Structures are given as C-alpha cells and as structure tokens.
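Okay, everyone, let's get started. Have a look at the screen while I talk you through this one.

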Amino acid sequence: MFPQRRPDAMRSAFWSIAWFDFARRLKATSTWIYLVLYAVLAGLWMAGAGGALSSVAVSFGGDKILINGPYALTVAIGILGFVGITVIGSVSGRAVQQDFEAGIHQFFFSAPITKRDYFFGRLVGAWATLVMVFVGVAIGIVVGSHWPGVDPARVAASPAWQSFVRPYLFILIPNVLWLGGCFFVLAALTRQMAPVYVAGVIALVGYLFAVNLLGDMENKMLAGLIDPSGSIAVDVFTRYWSVAQKNEEQIPFAGVIIWNRLIWVAIGVAVTLLGYRAFRMESVAPTLRRRGKKKAVDDVEGAAVGTSSSHAALPAARPDRSAAAYARMLPGLARLYLGEIVKSPRFLTIVLGGVLLVAGNAATLGSLYGTNTYPLTYKVLDVVGGLFNVFVLIVTAIYTGELVWRERDAKMDDIADSMPAPTWLAFLAKFATVVALQVVLLVVVMLCSIAVQLLHGYTKLELGQYVMQLFVLQLSGDILLAVLALVVHTLIDNKYIGHFLVGIAFLVLIQLPLFGFEDRLYLYASAPGLIYSDLNGWGHFLPAVFWFRLYWFAFAALLMVLSYALWVRGREVRLPARLRIAAARMRAPAWAVAGAAAIVFVATGAWIWHNTHVVNPFVSRKEARQLQAEYEKRYRRFFGAPQPRITAVDVSVDLHPERQLARISGTLAIANKSGVPIRDVYVLYPRRARAKAIAFGAAAKLADEAPEMRWHHYVLEQPLAPGATTDFRFDLEYGAQGFANEGADPVVLGNGTFLNPGLTPETSLIPSFGYGEDGELASDRDRKEFGLEPKPRMHDLNDRQQVMQNALTRDADFVDYKAHFCTAADQLPVTSGYVVQDVTENGRRCIDYRMDTKMADIYSFVSARYAVKKDVWHGPQGDVAIEIDYHRGHEYNLERMVAGVQDALAYYTKHWGPYQHKIVRIVEFPRFSRSGGFAESFPNTVPFNEAIGFTAKVDDRDPNDIDYPYFVTAHEVAHQWWAHQEVPANVQGAEFITESLSEYGALMVLKTKYGDVKMHRFLKYELDGYLRGRGFESKQEQPLVRADGAQYVHYQKGSLELYALQDAIGEQAIDDAISAFLNRWKFVGPPYARSVDLLAEFRRVTPKQLQPLIDDLFETITLYDVRAVSAAAKKQADGSDAIELVVSARKIRADGGGNETEVPFDGEVDLGALDAHGNVVAIEKRRVQSGENRITLAVAKGGAVRAGIDPLGKLIDRDDKDNLVAVTR
Amino acid sequence: MRLEIRDLAKTYPNGVRALDRVSLTIPTGMFGLLGPNGAGKSTLMRTLATLQEADAGSARLTAMNGSGDIDVLRDKDAVRRVLGYLPQDFGVYPRVSAEDLLDHFARLKGLVDAKARREAVHALLQRVNLFAVRKQKLGGFSGGMRQRFGIAQALLCDPRLVIVDEPTAGLDPEERVRFHNLLADIASDVVVILSTHIVSDVADLCNHLAVIDAGRVLVAGEPDALVANLRGRIWRKAIGKGEVEAIKSRVRLVSTRLQAGQTVVRAYGDGAPPEPGFEPVDPELEDVYFSSIAGYVGEAVDVPAAAA
C-alpha cells in the first residue's frame, strides 16, 4: 500500500523550499554584488556626511547632527532602503518568475507539495535574502562612520544600538516585507517580470507625489501617510525637533509614522493573501481550443502532402544583400521594435505613472506660502521635466536591456544570428529604438506641459522653447545615456545584473560631482547647466553646452563602435572569443568611424581644455575652499588695521550686453577717519577683473599681490594723515572670454544684467579696502578641514571695535553717489539715485544718476530692455514717484507691486517716519542671477527676481493664498528705513534690526490690506519655518538680540516675536519705540546702532509687569507648550455663555544646541473661543501660570464651538493643534 | 561542391573537449551526423552555422559553382548568405504570426522586393504545409508545427548549406515522415547536414554519414558501404533476461533488444561467432552505430572525392 504521508513531511516542504532558495541565493553572485554595493553606498554616504571625503556635499541638514545619531541613521537607512526598491523587485519577483521562465514550475506543481508550502516557501526565501542584502547597509554605515578622516565630533562614540535597530525594524524591514510581498504576488500571478517593473515605478511615483504634497503645510499629514517608504512620515514627525533632540532622542514610532507603517504593511499583507488565494499551481497550456482546431486542419492537409507532390519549384527570387539594401531596412526594423514596445501595457503604465505624477504636481506649481506662480513655460518644464526625467532614465535603462536581449529571451537568437543580415543592422536599429522611445517620452512631457499651461488658462505657448529645451538640450543628454546603457548591456552577460549596473552607472554619473569630480572633461555626458530666463532667453550660454555635447558625442561614437565590435552574435560570450570576433568584425567603415570620432574627441577636448583650464582656469570646489583658507591664514592679521574710508563714489559703468562686456571705472574719494596715519592700503577686487588702471591720488606702489585671492597691497609713499583725504581711481574690465567648466560667465548678459557689487567677493566688481571677512570659510566643517578654528557667524554683540563698523560695508560710512551708466541703446540702465541726464546716441544710451543725500555705500547696476510702469504715491510731505521696470510679458503683478509700495510707504511714514527719497524703483532681473536671491533693497532701487513676485499667480478668491508679491514689495520698501536710513553696527543682532523690523513692517501692511485672518495664516508659515529651521542649525541658535545671520531667526522668529510684542503692548506703544529708535539713529554712525538700543526703546514703552516678556521674546530662546484640556459651557441668565476652561501651560528655555529646561510660566496669554467657521467669537488676555489653570471666559456672542488657549497661535508652540478643544455644554 | 572540415577542435572553458580534431568531407546531398547526446554534434553544427568559434582547424566550402571557396570559420558573412540553419532548440515570438515572422526573416536574408518576398514566403509555407495557418500567432503552434516553421525559414532563399540539428526529436511518426519528404526534396546540389541520434532517419535519408562521439569521428562513409563492412561480423542470440549482465562480460555486445518478450542480443564477432549459440545475421546501420560507439570498429572510411 502507499505509505501515509507523515505530517512533518508536509511541514518540511515549506522549510526545505525556503531554505533551498535562500541557500541558492547565497551562492549567486548577484546577491553578493547587491550586498557589497549597498555596503559601499552606505559607507560612502556616511563617510561623506562625516566629512571624510573632503569634497562630498552629503548632509543631513546642519553640521551639528551626529551622523550615527537616531535621526541621521533613520534618514540614511530609510533612503538607502528605498533606493533598493529595484533590488527588492528583482529578488522577490525573480524568486517565483524564474521557475516559469525556466519551465521548471511543472516539476513543482506536479510534486506532492501544497500551494502554501510553495508560495510561502519561495516568499520567505526571498525575504530572507533581502534582509541579508540590506544588512549590507548597516555594515556600510558602521564602516563609513569610522572611516579615517571622519570628523569625530560628528560621530557618537558609542551609538545606541536602538539607533540602528529601530530604523531597520520600523522602516526598512517592513518596506522589504510589504514591497517584496506585492512584487512576489505580481510575478506569481502574471508569471512575468514586466509587471514588477511597473509596480516599482508606481511605488516611486507614490513617493515623489508625497514629497510634493509636503510643500503645502495643510497636507503634511496626508503626505506622511501616502508615502510608501515611510521616510516622509519620519520627516513630518521630526519636523520641529531641535538638533539636540535629533541627536539624542530615539524617534518614537508613533503618530503618523505608526499609521503609515500600519497602512502599508496592511496593504502588503492584503495583497499577499489575495495573491495567495488567486495563485494556481497549474501549467498554463496555450489555448487548447485553437490548438485542437489547428490539429484538425493539419491532419487533413497532411495526408495530401504525404501522397502528392504539391511543390512547384520555388520561385527564383534574387536576394539583394548589399549594404544599401540592409540600410533601407533600418527604419522599418526600428519601427517594428518601437511599435512592439509602445503598445505594450508595461510601457503604457510607466508613461501613465509619469503623467499622473505630473498631474498631481501641476496643481501646486511652484508654490510659495501656498500660492502658485503662473505656468510660464520654463517653470512648467522645470517641474514636469524634472519629474519626468526619472522616467526617461528608467525607460532608457530597462528597454536598452530588453532590446539587447530580445532574441535571446525568445530563444530565437540561433536563427536570427545565422541570418546574413549584417551585425550593424540589429545593433543600430535597437539603438535607434531606444532613442525613439526617449523622443516619445519627451513628446509626452511636452504635451503634458502644454496641457498644464492650458488648464491654468495660460495660452502663451512658447513652442520654440519646448523644442530647444526638450529635443535639443535634454535629448542630447539622454542619447548619451542611452549609449552608456547599450555598452553596459553589451558587455555584461546577464540581463538583470546589466539592468542593475546601468542603474548604478546613472546614479554614479549624477553623484560624481558631489565627490569632488567636477571637471566636465571626464564626467561623461555632462555639460554646463543652463537656465532659461524670460529676460535673457538662452543667452550666450549655448556655445559652451554645444562644445561639451560635441565632445561627449564623439566619445559616445567611440563607445558605439566598441559596442558594435563586441556585440553578441552567436554563442560565444566569453571575452577572449568576443575579442577575436571583434577584430574580424572591425572593417574599414568601422575603423573610419572610430577614427573620425577619435579625432573630433581629441580636437574638441583640446579646445575645451583651453577654455576651461587656460582662459578660465578650472578651480574645483575643494581648491576654492583651499584658497579661502589660505587667504585667511595669510591676511587675517590685517583685519581691523586702519584703512581709508570711502566718502564719495563717482563711478562710470560702460556695459556692452551684446558682447558680454563691462567696463567699470571711477573715482572714490577716500579719507582717513582713524586716529593714525595710514601707509598700507589693501585693495580687493575679483581675479577676473582685467585691471586697466589702479591709481591713488597720492603716489603709491604695489608691494604685494595675490590676485587669485583678490589681494593687492599698496604702500603710500606719503602716509595718509589722520583726517586727510585723497582719491582712488580705478578702471576694470569684465567680460566673458570663452567659457569655463561651469559654463559661460553669467555676470554680463545679453539682457537683464544685474551687477551687485557688495554681495559676495566674486561679485564685488568695484574695489574695496581692507581685509574682508566675507572671503573666509564660513562652515565650521570646512574650517576644520584646513586647520582653522571654528568662527561665529557674526561678531559678538559687545565687540567694541565692530560697533564702529556698519553691517553693510566695512570701508565706508555714508557716501555721496554719482554714476554714469551706459548700455545698449535699446536697454534701460538703472542704478540708485535720480536721473540727471538721459542721452541716446551712436547706438548707446547713457544715463547720469546722482543721489541728493548721503546714502549707504551699496548700490547696484541693472540693465535690460524694459517696459516701464509709472505711478505715484501722494504722501503728506509730497509725492513719491513709483517706477517698475519690467520685462514685457510679465505684467501679472504690477498693480500689486504698486499697491505694495503705496501701502508700505503710507504705513511706514505714518508709524515710523518719512521716506528719505523721492522715488521708489522696482527692477526685474533674471531668475538665475548670481547677484540676487529674492529681492534686495538699494537706496531707492529694489531689484526683484523674475521668478518671485513678477510671475506669482495670486488668487484673491482663495482664502489660502498669500499675496506675496505685495508682501515682498512691502518688505523691501521697509528696508529703505532699516538698512538705508538706519544702518546697524556689524555685530550680532544687526539683522534683528534690518530684517525683523522689515518683516514686521510688511506683516502690518499685509494686515492693513488683507485683514487679521490672512495675517495669522501667514504667521503660521512663519512659525513652521522657524521651528523647522532650528532643527538644521549648524552652529548655535541665537536669541533675536544676538541674531547672527540664521534666516529662520531674523525673518521668521522676528516677525512672530515683534507681532507678539505689539499684541501685548499695543501698536501705539511699539510705534513709539520704533520711531524713537529711528530718529535717534538714522544716518548716524560710527558708532552704529545695535539691537540692544532697539530693545532699550522697547523696554521704555513696556509696562513694568510685561518687562519679562521682552526677555522671553528677544533675549532668550523661549518656547511654550500650551494645551486646552477641557471647555465646559454654561448658559448664563442673560443668554451669554460662560465657558469654564481648563488649560495647561509650560514655558521652556532652550540653549543654542536645542537642550531644553522648563522655567516657571507667569504671563498673559490669549484665551478664546471660535465658532464653527473658525472665526473668533471671544478672545481676551488672561494670566496663566505653569501647570493647570482654570479660567472662566465670558462669551457674549453665541456659537462657540471650540475654545482654548492661544487660539490664534501667537505663541511659539510646537504643537498648536492641542490649543483648542470642543466645547461641551 | 563540398564541405571540407579538417582537424576542427573546440574545448569549452569548463574543460570539456567538445570537438577533438574532427575531419570530414561532406559532399552534396544528405549527410547524416550520428552520435549520442553530448557527442559534439550540436557544437559542430553551431560552429558551421557561424555561431561558435573553433579553437583550431578549418572548414571550407569548396568549388561553389563559379565562385571561389568560402572559409567557413573566418568568412562568416559569406557563409550566412548561403546558409539555412535549423537549431535544435529554438523559440518563437509568441505574438507574431507565422507569415509575418517568415516575411521578416526573408527580408533579413535579402529578399528586398516585396512581391518576390511574398511569393517566396507563401511558397515555403505551402511546402511545409503551414499555409492554412499562416495568419495564426506562433505562440499557439504545436511542437511539430514549430519545427515546420523552422525548416521553412531555413529553406528561405535557396541555401546551399543546410544544417538541421536534431530536427525530428519530439515529432510524431507522421510528422517525421513529412519532414523527411521535405528534406529529400531539397535540390541535389546542396549540402545538407542532418544531425540526429535516430539511426533510422539516417538510414532512410542519407547517402553519407559519420558517427561521432566524445568529439571524435568514429566512422564515416556511405551507409551501404559501412553496413557491407560489417557483413559476417554481426551475430544474434536470444537469451534470458537475467543473463544479459553475464553475457556482457564475455562477448562484445552491440545491442540489446526486447522482442516479443524475449531478450535478443546482438554481438560483434570477427569472422566467427563470439560464443556458441550465436547465429549470423545481416548487419544493419544500427549495428554500425553501436559498434562504432563501442569501439569495435574504428578508422574513418573516407568517401573518395565524388564529382563536385
């Protein structure tokens, strides 16, 4: 009789399958390749983050975050794990698909094993393999953290083991499990790998979509939930964590994180179980019905053939096997391949994924503070093109491999290879197909972009820009990558490893510059970046791009010849045999192509080298830092040495936009305001200036110079006596000569030139005097690399020397200004001052400007073909002209800007003091300009970025939209007071005066026009910005009085705290303080005003019991944690409500590193109630103390739905959702 | 015209000597390459079909009417132009129809003119009896139909060198007959090399053959001559089942067969019966095969150069 099956025989089938798979995987080279690669990736990441790789720019945000602390490890493991999605797909998909591919599934299905054993056995085996592979990440992290050269301050000596285990346990392994399960099910049910690829793409789409959602604050939670990788949930959860927290606290897997994990693991489990149910252990036969019919057909015919001879002689056809005949086949063959791919569901799904992603992102195009920009072509292309680029790369990688392996996968290779068709036919046809696929995708990008534009109601379709950006610039790069993929797949004898290596190759290419490999001469497929601007179009940047493309195309041609020679045809796959075949295959035409390509490569390479190393010497980022360090080491000792101060500026700017040339000359009147004679004068101007003349009014000699550090040391033969004056004449020429590694010089443009002499050392085109600290290395990490001590961002608040310097310029106080600015006849030259003369002749337009009063020594030069909008503000002391110089076509927000200027002037004049000039000019400049970010305020002139403000799309009907063109305009106008009337000292707290007051002023202007609700909404963004920024601090957070340049402090915290002060003492009082401060300090200096002077005024107007508030807001880092516990309403006799509130309050002080201590709380806080629409029905200030407080609030109006503490979010509280609770009755 | 193979050798990287100084002269007509699995037949086929490299040796297709010789190993392009190859193991694109794929191959073989191509494709499909199903997707074809498709593509464009590797393995008897008929119809001035381990295929079809094992040619020549060579040397005896092992050690066993319940052994005996009880019997080609494999006969008997 047949022996009964023993129960444990059943069980062992599961384990033996799982174990067999795992053991087999252990022996496969691909497994070890994956493991090693992940270890290397992780190691490089860690070493780079720790500073071991000197040129690596990996950072977790902020130099103080420990690279093996809980936060950093969670981020690293999360990201590295998600990058591994391809590996997860490959391993878990292949685990089951391999059986079908090899036809071996029939053995398993006919063996006495249950479906459960087979299915879960394979799945568990795949999981085990993946977990093992990802252990590689941990190994890499440990090794990388201790790599020689890693800054020990960044590495925790004994990191908590939980820091490693928790991310694995909660992020990586759940991802592996649920993704692995889904991929496995897909492969098991469809018996192909194609759907697995598609699913991988979809997961990626989900992640990118979630990333985009994060941009809007309202969607934080949603973004955290829909992100399949879980890392966005972590980001949302730790958004407001300080540096100290990120380094010490384990991330609790709670809140949005745990929900995310539960959702996705549940999805994974559901898919796996459903898949298990649907899975059938059957061998699918080709459709039996058809087969049966055919058999019948056969039989009938068969007899006939057996007996008769039905063969007439085969028609004598003359084959044409010339090269020309086969060449004519090329397009048809490519079309055949292309048609097959484009019609396949896999390709369509990938495209669909891309389109969905675009659709998801199109809604929030370029939004800032929740407000969008107009869908200008370059903007849409930025967004759409950027997203879609990933898909183009994915498609290129996948389909190059599929095409190369096409015949081998179908087992047609023997037949196809023995055909007389030449090798180059299939080779070129396949390559052409990949390129055609890229073209198809780019057409989709174009169509999607156009659709986005039309949907937004924007009809200015700039097809020329589309064609240039997509089909010339982008496609040329994509083709180069296709060649790379082709070479890899030709050389590697395994399709899946080939796919993986192509992916790695692309990744490496993109990342190499981060590792210090910046010279484009050896970065395959690289070309200088190119930013399109509506003002400047493509400008003069194209030739550089063209040369690099030609260079790399020549190299690619060589790669193509190599691929052709080593193309696999036949059964020989080993290298020696292939080399022999290659030698035979390379005949005259191939050598000719290779030869021509080599010549072009070498010739263009030489030309590029000449441009990027001789004419415009290439300086790597590391070398640039070295120069900075060297500058400090050599010349720091001259810091603070007495130097002449500029008293008057008479400058002449001769701009030739069409030639990208600028000639800047002039005379600076200088005086010795120090108490000692000056003999040595240090003159600084950029290396790329071609100095035509430098001369002093008195005799002087050049004693020493180091032009690459901008340093020129002159010695006056007769020292300049204290109080004496002389002048300084200079004549410098700037202009693009050839191109550099980063592309053509972007300073002088064909249209939209913006020269900002004071911004950075490299843009300071006008000579300055004295050792400039701005030339030093700022980052502590960089400084350590060169043996320099860390330095604070700004001088100490009580520095006696620096109080005599103003924060804007080190070599001037207030100056007279005169400029003669010439440009092309069709452009408008703009600088600070008033127009004295405007002459156009001989094809040149020259305007003479003069400032009627003394001003701070900063000014800019802008020249472009502008349209001009003129308006006026009628002030109490006279009219102020308003002029907006803008690019024709960017009329969207002119009215807003004008309104912004008018309302700002009105408010500031009324609340602070009069405006010192008679005109306000706003000038548009190109979006990529090195000279500016958003906008900057110069005396009576405000250059404004093309992409901010000018092209914003503010929807007045949308309560969530903030009118930021209006706001930024108001902010910049405020700077005319704070920075130009009142110039602060060059110490900590300077930006509290300039930036915080301006931000506060703009906030008030916004409130006046748009009301409280909008203002509070804006403040919400400010709060988020401040709390977020704290977590990325790389030195020490400072309180406002010592603000040292951290934007999250002087912008976001500044406006919050100044508003809080106003809220506490009243607008009248704060105005009183500010205008008193202004009157005392405007146009005064040296010594210059400091933040403590402003605080003194605040203290003067603040009642005694509120004095501690000044400490909280400005002198310390104070956070609050207020919470509403309960709100019980009782109806009163007169119909009003009395709401009994129980609230808890805590006050926290933090130090610079984010370490917190609780302090007693005793102050006044808003308590209030909101109705169902979120409008305030009652609000009053009441005394609140630490711990629990019971307060009764009288609400005259009805309708209170929620009540609590600080309903409008005026306090800096990391969780403002717990401020209100539902009112119970 | 003939195919001259001299001292062809190939060793795989894992050490297996697939071809060990193989020398053959193959005239026009059907040439059978007999040998067990792993003998090196497929390696030889693939090498001649330009898909593999030989380590040493030469192969030349000589005296093509009017044109010069072709060096098969080095001049791959020239070979492919006159080649028709049906591999042992091949797949098809499942979603393409027979007609379309055959047309594609015809195009690859150089039939540029659409009309001429169409005629050729149709004619061949008729020949292999797939015309009625020419529009069906190849994925639904049975094994036999796939083989017929394979031979159709091999016969495109009048090949002069036809190589068919194990063509009838897996075909039913009727399909085998059909296949043989197809091959037999191929013009007389074509070299057709047919590799198989089915001896009767060779017996029926081929006018020359060679037996190959472990990369070496054991015997070669015309079937009749080779059979005649064994006359008087093959003996048979009916024995009991259990005696086979015993008899193996005493005589040079050629083959063992079950016939109507009895075990009949054939043995080699030079001139005299190998032992008492054996009766003489007319040799068959199968005996040639087994005897060569076993090593009882050696010496390739080369066919003298026939008229080209």
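One term before anything else: a polar contact here is a pair of N or O atoms within 3.5 Å, and within protein one of them must be able to donate a hydrogen and the other to accept it. Also, keep in mind that this is a predicted model.

So, how many residue pairs are in polar contact between chain A and chain B? The count is 11, with both residues of each pair at pLDDT 80 or more. Which parts of chain A do the touching? Helices H13 (288-307), H14 (323-342), H17 (406-410), H18 (413-417) and H23 (575-585) of chain A each bring at least two residues to the side that touches chain B. The largest share comes from H13(A), with 9 residues. If you sort that side of chain A by class, you get 21 nonpolar, 5 polar and 20 charged residues.

Let's stay with the interface a moment. In terms of contacts, 46 residues of chain A meet 51 residues of chain B. What about charges? The rule finds 2 salt bridges across the interface of chain A and chain B. You can look for the side chains of A:Glu572 and B:Lys10, which meet in a salt bridge at 3.0 Å, N to O.

Now zoom out to chain A as a whole. Chain A has 33 helices and 29 strands. Along the principal axes, its C-alpha atoms fill a box of roughly 120 × 85 × 55 Å. Does that go with a compact globule or against one? With 1225 residues, a compact globule would have a radius of gyration near 33 Å, and chain A has 35 Å, so the two agree. Of those 1225 residues, 58% are buried. And if you take the contacts in chain A with a separation of 6 or more, 75% of them are between residues 24 or more positions apart.

Let's pick out a few places inside chain A. Start with helix H33, residues 1107-1115. Its buried residues are A:Gln1107, A:Leu1109, A:Ile1110, A:Asp1112, A:Leu1113 and A:Phe1114. What covers them? The cover includes helices H29 (990-1030), H30 (1047-1065) and H32 (1091-1101), along with strands S22 (1117-1131) and S23 (1137-1150) of chain A.

Next, A:Trp1081, which sits in helix H31 (residues 1067-1081) of chain A. Is A:Trp1081 buried or exposed? Its relative accessible area is 10%, and buried means under 20%, so A:Trp1081 is buried. Setting aside neighbours within four places in sequence, A:Trp1081 is in contact with A:Gln981, A:Glu982, A:Pro1087, A:Tyr1088, A:Ala1089 and A:Asp1093. Here's one to check on the screen: A:Trp1081 and A:Ala1129 are 48 residues apart in sequence, and their C-alpha atoms are 52 Å apart in space.

Then there's A:Thr753, in strand S9 (residues 753-755) of chain A. A:Thr753 counts as buried, at 1% relative accessibility. Its side chain reaches the backbone oxygen of A:Leu749 at 3.0 Å. Beyond its neighbours within four places in sequence, A:Thr753 has contacts that include A:Leu655, A:Phe861 and A:Ser863.

Last topic: salt bridges. Over all chains, the count by this rule comes to 86. One of them joins the side chains of A:Glu1033 and A:Arg793, at 2.7 Å, N to O. Why is that pair worth a look? A:Glu1033 lies in the loop between H29 and H30 of chain A, and A:Arg793 in the loop between helix H26 (780-785) and strand S11 (812-824), so the pair ties together parts that are 240 residues apart in sequence. A:Glu1033 is buried, at 4% relative accessibility, whereas A:Arg793 is partly exposed, at 31%.

Another salt bridge joins A:Arg845 and A:Asp838, at 2.9 Å, N to O. A:Asp838 counts as partly exposed, at 40% relative accessibility. Over in chain B, the side chains of B:Glu4 and B:Arg6 meet at 3.1 Å, N to O. B:Glu4 is buried, at 15%, and B:Arg6 is partly exposed, at 34%. And finally, A:Asp21, A:Arg24, A:Asp99 and A:Arg122 are linked in a network of salt bridges.

Key. Residues numbered from 1 in each chain as written. Chains lettered and ligands numbered in written order. Predicted model: local features only at pLDDT ≥ 70, side-chain atom pairs only at ≥ 80, totals over all residues. Heavy atoms only, no water. Contact = heavy atoms within 4.5 Å. Salt bridge = Lys/Arg side-chain N within 4 Å of Asp/Glu carboxyl O. Helix = DSSP H or I, 4+ residues; strand = E, 2+ residues; numbered from the N terminus. Nonpolar A, V, L, I, M, F, W, Y, C, P; charged D, E, K, R; others polar. Buried < 20%, exposed > 50% of the residue type's maximum accessible area, 1.4 Å probe, protein only. Rg over C-alpha atoms; globule rule 2.2 N^0.38 Å.
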